[in-house]
Amino acid sequence: MALSTGTKNIKTAVFISGKGSNLKSLIKFSKLKKSPISIEIIISNNPKSKGLTFGKIYKIRKKIFNFDKHIKAEKEILKLLKKRKINLICLAGFMKILSKSFIQSFKGQILNIHPSLLPKYKGLNTHERAIDNKDSYSGCTVHFVSSKLDSGKIIDQKKVRIYKKDTLRTLANKVLAEEHKLYPEAILKIFSL
Ligand code: GRF
């Protein structure tokens with residue numbers, strides 16, 4: 001994506017399902033001079049997502065879609081994204097799997113953050129698996145989204161040391177703190193190429 005940084009010309013949609021701490025870090029990043037993105041809309045499948053409150057706090061448009069009717073929801077989202085001229089989607093704790101055709105229509109323009117050092121531990125319960133396997137390190141990854149779950153091209157990663165005393169909770173907190181730095185860094189990386 002040969003877009004220059006500093007002009008905030010990358011109209012971004014952030015998709016969430018839960019707490020939205022990555023959304024918050026992206027919003028803060030988007031307000032920095034060096035940021036190439038402006039966050040135009042927050043999309044959620046879950047009306048109870050705590051992250052939706054950031055829409056109100058930061059005055060960003062938000063919209064909830066019912067994924068019980070998955071195809072219909074995706075169609076409506078695509079329409080909305082076109083209308084808003086969105087050219088980047090950041091998945092940030094979005095717990096629905098997007099269809100191949102949706103991904104195809106935004107090819108190379110969808111990013112995801114995942115709480116493991118991919119290709120290790122695709123899918124759910126990543127911290128549990130890292131602890132159970134007595135790994136010395138875990139971490140997080142930002143990658144392009146492809147039609148195979150958690151398998152698209154890796155943009156950047158951050159490592160986190162796992163100590164014997166770590167629990168699921170302490171590890172999750174440490175990784176999340178790194179995620180908040182990694183997502184903005186990965187965005188800067190792809191748009192300054
Ligand atoms: C993060 O750990 C992210 O990597 C994963 O879901 C979690 C979302 O956290 N995909 P939050 O909603 O951004 O706080």
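Predicted model: local features only at pLDDT ≥ 70, side-chain atom pairs only at ≥ 80, totals over all residues.
User: OK, which residues are around the ligand?

Analyst: Lys19, Gly20, Ser21, Asn22, Gly93, Ile113, His114, Pro115, Leu176 and Glu179. A residue is near a molecule if one of its heavy atoms lies within 4 Å of it.

User: How do those divide into nonpolar, polar and charged?

Analyst: Three are nonpolar, five are polar and two are charged. For the sorting, Ala, Val, Leu, Ile, Met, Phe, Trp, Tyr, Cys and Pro count as nonpolar, Asp, Glu, Lys and Arg as charged, and the others, Gly among them, as polar.

User: Which helices and strands each supply at least two residues of that shell?

Analyst: Helix 1 (21-30), strand 5 (110-114) and helix 6 (168-191). Helices (H or I, at least four residues) and strands (E, at least two) are DSSP runs, numbered from the N terminus.

User: Which backbone atoms lie by an oxygen atom of the ligand, and how far away?

Analyst: A backbone N or O atom of glycine 20 lies 2.8 Å from a ligand oxygen, and one of lysine 19 lies 3.5 Å from a ligand oxygen. On the nitrogen side, a backbone N or O atom of isoleucine 113 is 3.2 Å from a nitrogen atom of the ligand.

User: And how much of the ligand does the protein cover?

Analyst: The protein covers 82% of the 370 Å² of accessible area that the ligand has on its own. Those areas come from the Shrake-Rupley method with a 1.4 Å probe; for residues, only the protein chains shown count as cover.

User: Switching to the loops. Where is serine 147?

Analyst: Serine 147 is in the loop between strand 6 (137-144) and strand 7 (154-161). Serine 146 is placed in the loop between strand 6 and strand 7 too.

User: Why does serine 147 count as partly exposed?

Analyst: Because its relative accessibility is 47%. Buried means under 20% relative accessible area, exposed over 50%, and partly exposed in between (1.4 Å probe, protein chains only). Serine 146, at 29%, also counts as partly exposed.

User: How far is serine 147 from arginine 161?

Analyst: Their C-alpha atoms are separated by 30 Å, and they sit 14 residues apart along the chain. For serine 146 and threonine 126, 20 residues apart along the chain, the C-alpha separation is 20 Å.

User: What about strand 7, where does isoleucine 154 come in?

Analyst: Isoleucine 154 is found in strand 7. Isoleucine 154 is partly exposed, with a relative accessible area of 35%.

User: Next topic: which residues does a cis peptide bond join?

Analyst: Leucine 118 and proline 119, with omega at about 15 degrees. Proline 119 belongs to the loop between strand 5 and helix 5 (126-132).

User: Last one: is serine 38 buried or exposed?

Analyst: Buried, because its relative accessible area is 16%. Serine 38 is found in strand 2 (residues 37-44), and a polar contact of 2.7 Å joins its side chain to that of glutamate 40. A polar contact is a pair of N or O atoms within 3.5 Å; within protein, one must be able to donate a hydrogen and the other to accept it, and residues adjacent in sequence count only if both atoms are side-chain atoms.

Definitions and conventions:
Residues numbered from 1 in each chain as written. Heavy atoms only, no water.
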